[in-house]
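Student: Hi! Please walk me through this one.

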Amino acid sequence: MTDMKRVLIYGGKTGWIGGLMAELVKKEGLELFLGEARIENRESVAKELDDVKPTHVLMAAGITGRPNIDWCEDNKPATIRTNVIGTLNVADLTNERGIHCTVYATGCIFKYDEAHPLGSGIGFKEEDYPNFAESFYSETKGYMEQMLKCYPHCLILRVRMPISDDLFHRNFVTKIAKYERVVNIPNSMTVLTEMLPASLAMAKKGLTGVYNFTNPGVISHNEVLDLYKKYIDPSYTYKNFTVEEQAKVIKAGRSNNELDTTKLMADMPDGVVINDIKTAVELCFQRMKVNLEEMGWLPDNLPAEFKRA
């Protein structure tokens with residue numbers, strides 16, 4: 001196992017998770033390099049790897065679409081170019097050079113089924129085959145994981161519905177807080193403040209293979225929004241609708257599932273604290289409140305986009 005000294009991040013310049021990882025790498029006092037190459041350009045990535053000579057690569061580049069994954073339905077070649085060709089380029093080229101590569105992937109490749117019923121507490125495990133392809137985004141991610149598993153140096157992290165302690169537009173909280181209506185389904189989710197440091201510790205330890213990368217347990221949309229109302233905006237209101245009603249206003253289906261975190265917690269390096277999802281989300285909102293107060297958004301200056309008409 002190579003000691004972590006020089007870290008190259010793809011998606012570190014403009015990406016959300018990549019940018020957060022860059023901050024963590026800097027805090028650790030490690031040499032940090034932000035990828036310049038377009039990942040779909042194999043020759044550029046190869047040259048960059050040979051020039052930088054990283055000990056570790058963090059692969060956080062990818063397309064999720066703006067404002068959401070519905071974009072991928074209308075832009076399939078562009079989605080493939082980045083999420084499939086680009087990701088495979090990085091995995092393959094790092095493998096050729098014996099460089100550990102952490103891929104921030106997705107757990108939105110499953111849906112509740114007869115073997116994993118809603119509310120049962122039976123989560124999908126790392127070896128389970130994807131059963132959700134109702135969005136092109138998830139479809140590409142599902143077959144990508146099967147290919148990435150073939151690379152022995154790759155750590156593949158199934159992130160789901162990521163939550164941060166701010167109101168950044170990619171934050172799951174920000175997304176659902178702006179919707180007029182939401183479904184109310186318990187899901188596995190990833191609180192980034194806790195989980196991203198864990199990913200760096202896992203890479204340092206040299207872990208490889210697939211991991212369900214969520215806080216243990218599930219939390220529902222309503223539970224998240226009730227905490228938003230408690231800590232951020234007491235005047236906030238929301239309405240629910242069914243999955244069937246939701247389907248009429250979105251182009252692509254949405255994944256709802258519970259992931260089993262037994263393997264993750266068993267292999268987690270010493271000293272890393274990961275709370276259950278309900279505790280983690282409540283702590284996240286407590287931090288968010290402080291952060292928004294410091295920004296001047298609270299108590300009564302939230303941007304209009306967060307206010308109900």
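**Strands, a helix and a cavity**

Tutor: Let's start with a pair of residues: valine 103 stands opposite isoleucine 156 in β5. This is a predicted model, where local features need pLDDT of at least 70 and side-chain atom pairs 80 or more, while totals for chains, interfaces and linings use all residues. Numbering runs from 1 along each chain as its sequence is written, and side-chain values use heavy atoms, without hydrogens and water.

Student: How many bridges do β4 and β5 share, and in which sense do they pair?

Tutor: Six, in the parallel sense. Strands (E, at least two residues) and helices (H or I, at least four) are DSSP runs numbered from the N terminus, and pairing needs at least two DSSP bridges.

Student: What does β5 pair with besides that, in terms of β7?

Tutor: Four bridges join β5 to β7, residues 209-212, also in parallel. There, arginine 158 stands opposite asparagine 212.

Student: Is β5 buried or exposed?

Tutor: Six of its six residues, 154-159, are buried, meaning under 20% relative accessible area with a 1.4 Å probe, protein chains only. Cys154, Ile156 and Arg158 cover one side, with Leu155, Leu157 and Val159 on the other.

Student: Why two sets?

Tutor: Because side chains in a regular strand alternate between the two faces of the sheet.

Student: Which β-α-β unit is β5 in?

Tutor: A right-handed one made of β4, α5 and β5; with the strands pointing away from you, the path from the first strand over the helix to the second runs clockwise. β1, α1 (residues 16-27) and β2 make a right-handed unit too. Four bridges join the parallel strands β1 (residues 6-10) and β2 (residues 31-34), and leucine 8 stands opposite phenylalanine 33 in β2.

Student: Switching topic: how many cavities of 30 Å³ or more are there?

Tutor: One. A cavity is a set of points on a 1 Å grid where a 1.4 Å probe fits but cannot get out, and lining residues have an atom within 4 Å of a point. The largest cavity holds about 110 Å³, the volume being the space filled by probe spheres on the points.

Student: What lines the largest cavity?

Tutor: 13 residues, with Thr87, Val103, Ala105, Lys141 and Leu148 nearest its centre. α4 (76-97), β4 (100-106) and α5 (136-148) each give two or more of the lining residues.

Student: And which residues of α8 are buried?

Tutor: In α8, residues 221-231, they are His221, Asn222, Val224, Leu225, Leu227, Tyr228 and Tyr231. These pack against α6 (172-178), β6 (181-182), β8 (239-240) and α11 (277-295), with contact meaning heavy atoms within 4.5 Å.

Note on methods: On a 1 Å grid over the protein atoms alone, a cavity is a set of points where a 1.4 Å probe fits but cannot get out, and a pocket is an open set with protein on both sides within 12 Å along at least five of seven lines; lining residues have an atom within 4 Å of a point. Buried means under 20% relative accessible area, exposed over 50%, partly exposed in between (1.4 Å probe, protein chains only).
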